[in-house]
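Me: Hi! I'd like to get to know the structure shown here, one piece at a time.

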Amino acid sequence: MDTKRSAMKLTIGVLAIQGGFSAHVEMLRSLSMEGIEAEVNLIRKSEQLDGIDGLIIPGGESSVLSIHFSKGNLLEKLKSFVKNPNKFTWGTCAGLIVLSKQVEGEGKSVVTTIGGLDITCERNYSGRQIHSCESSIQLLQPDLINHNGGQEDFNGVFIRPPGIISIDGSDVIILSQRGSEESGWESNGVRQGNVMACTFHPELCNSSAWHKYFLQCTMEYKQQSS
C-alpha cells in the first residue's frame, strides 16, 4: 500500500498596496515544507481575497494603509476574511496596528482598523526611525521554537515598531517577548485563534521560523473546512 501523503496546496496572499511586502513574498517562495505546497499571490484588489487561504498584512505606514482601505469595499472584505474561521491572517508591524482592537499613540492621521485581535497597541512605541534596532526576543510557542531549530532565542528586526500595551482578551496567546525578569517582559508576538501579529519584521530576519509557523497554521485552519 502506498503510504506517501500528497502535499496540501495552499494559496497565500500578501497585501501589496503599500509597505514591505516583497520580502515576505521572497521568504515564502524560498520555503520548502513537508506536506505543504504554497502558491504566493500579491493582493491589491478586494476580489483577490476570495481565492486565498492565508493572508499577510506587512509593515509600512498604518495611516497610508487606512487610506487604501477606504477605497471600494476593501475594508469590508478584509474584515470578512479575518472573521472567517477557515482562514488565517498574520500582521507584521503596521499589520499588527490595523489588526488591533484599540490603537493609541502619536500620529496625525486616524488609523482605520480591521480588528481581529483583542489587544491595545501604541504606534511608534519605541520612538522614531533612529530608535530602530535588532534585538533578541524569546519564542514561547513550541511549534515556533521547533521551526527555529529548537532554539527559543530569535533575533528580531524592529523598525519604528508599535508596542502591545495591553492584552484585552482572555484567549490571546503570547507567542514571543523580550526583556528580562529584572526589567520586565514586553510581548511582541501574539495570536488569537486564526489571527496573529508581531511588532517586528520576521521577513528581514535570518530565520524562516515565523513564515513556517504561518504556513502550518494556515494549513490547520484550512483542514478544518475539509
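Me: Let's start with Glu186: is it buried, exposed or partly exposed?
Reply: Glu186 counts as partly exposed, because its relative accessibility is 22%. The bands are buried under 20% relative accessible area, exposed over 50% and partly exposed in between, using a 1.4 Å probe and protein chains only.

Me: Before we go on, what kind of model is this?
Reply: It's a predicted model, where local features need pLDDT of at least 70 and side-chain atom pairs count only at pLDDT 80 or more, while totals for chains, interfaces and linings use all residues. Residues are numbered from 1 along each chain as its sequence is written, and side-chain values use heavy atoms, leaving out hydrogens and water.

Me: Thanks! Which residue forms a salt bridge with Glu186?
Reply: That's Arg178, and the closest N and O atoms of the two are 3.2 Å apart. A salt bridge here is a side-chain nitrogen of Lys or Arg within 4 Å of a carboxyl oxygen of Asp or Glu.

Me: And is Arg178 buried or exposed?
Reply: Arg178 is buried, because its relative accessible area is 14%. Its charged end also sits over the ring of Phe158, 3.8 Å from the ring centre. For that label, NZ of Lys or CZ of Arg must be within 6 Å of the ring centre and within 35 degrees of the ring normal.

Me: How accessible are Lys77 and Asp50?
Reply: Lys77 is partly exposed at 23%, whereas Asp50 is exposed at 52%.

Me: Which residue forms a salt bridge with Lys101?
Reply: Asp118, with the closest N and O atoms 4.0 Å apart. This pair links distant parts of the chain: Lys101 is in strand 5 (residues 100–105) and Asp118 in strand 6 (residues 117–123), 17 residues apart. Lys101 is exposed at 53%, and Asp118 is partly exposed at 25%.

Me: Changing topic: how many aromatic pairs turn up in the whole structure?
Reply: Seven. Rings of Phe, Tyr and Trp (its six-membered ring) pair if their centres lie within 6.5 Å; planes under 30 degrees apart are stacked, over 60 edge-to-face and the rest tilted. Take Phe88 and Phe214: their ring centres are 6.0 Å apart and their planes at 50°, so this pair is tilted. Phe88 sits in strand 4 (residues 88–92) and Phe214 in helix 6 (residues 209–223), 126 residues apart.

Me: Are Phe88 and Phe214 buried or exposed?
Reply: Phe88 is buried at 0%, and Phe214 is buried at 0% too. Phe214 also forms a tilted pair with Trp90, 5.6 Å centre to centre and 35° between the planes. Trp90 is in strand 4, 124 residues from Phe214, and Trp90 is buried at 0%.

Me: Which residues do ring pairs link into a cluster?
Reply: Phe88, Trp90, Phe154, Phe158, Phe200, Trp210, Phe214 and Tyr221.

Me: What about the largest nonpolar core: which residues touch the most other members?
Reply: Of its 34 residues, those are Leu28, Phe154, Met196, Trp210, Phe214 and Leu215. Helix 6 gives the most to this core, with eight residues. A nonpolar core is a set of buried Ala, Val, Leu, Ile, Met, Phe, Trp, Tyr and Cys residues joined through side-chain atoms within 4.5 Å. Another core lies apart from it, with 29 residues, among them Leu49, Ile97, Val111 and Leu117.

Me: Which residues is Leu28 in contact with?
Reply: Setting aside neighbours within four places in sequence, Leu28 contacts Ile12, Val14, Val40, Ile56, His211, Phe214 and Leu215. Contact means heavy atoms within 4.5 Å.

Me: Last one: where is His24 found?
Reply: In helix 1 (residues 21–30). His24 is buried at 0%, and its contacts beyond four places in sequence include Trp90, Glu203 and His211.

Definitions and conventions:
Helix = DSSP H or I, 4+ residues; strand = E, 2+ residues; numbered from the N terminus.
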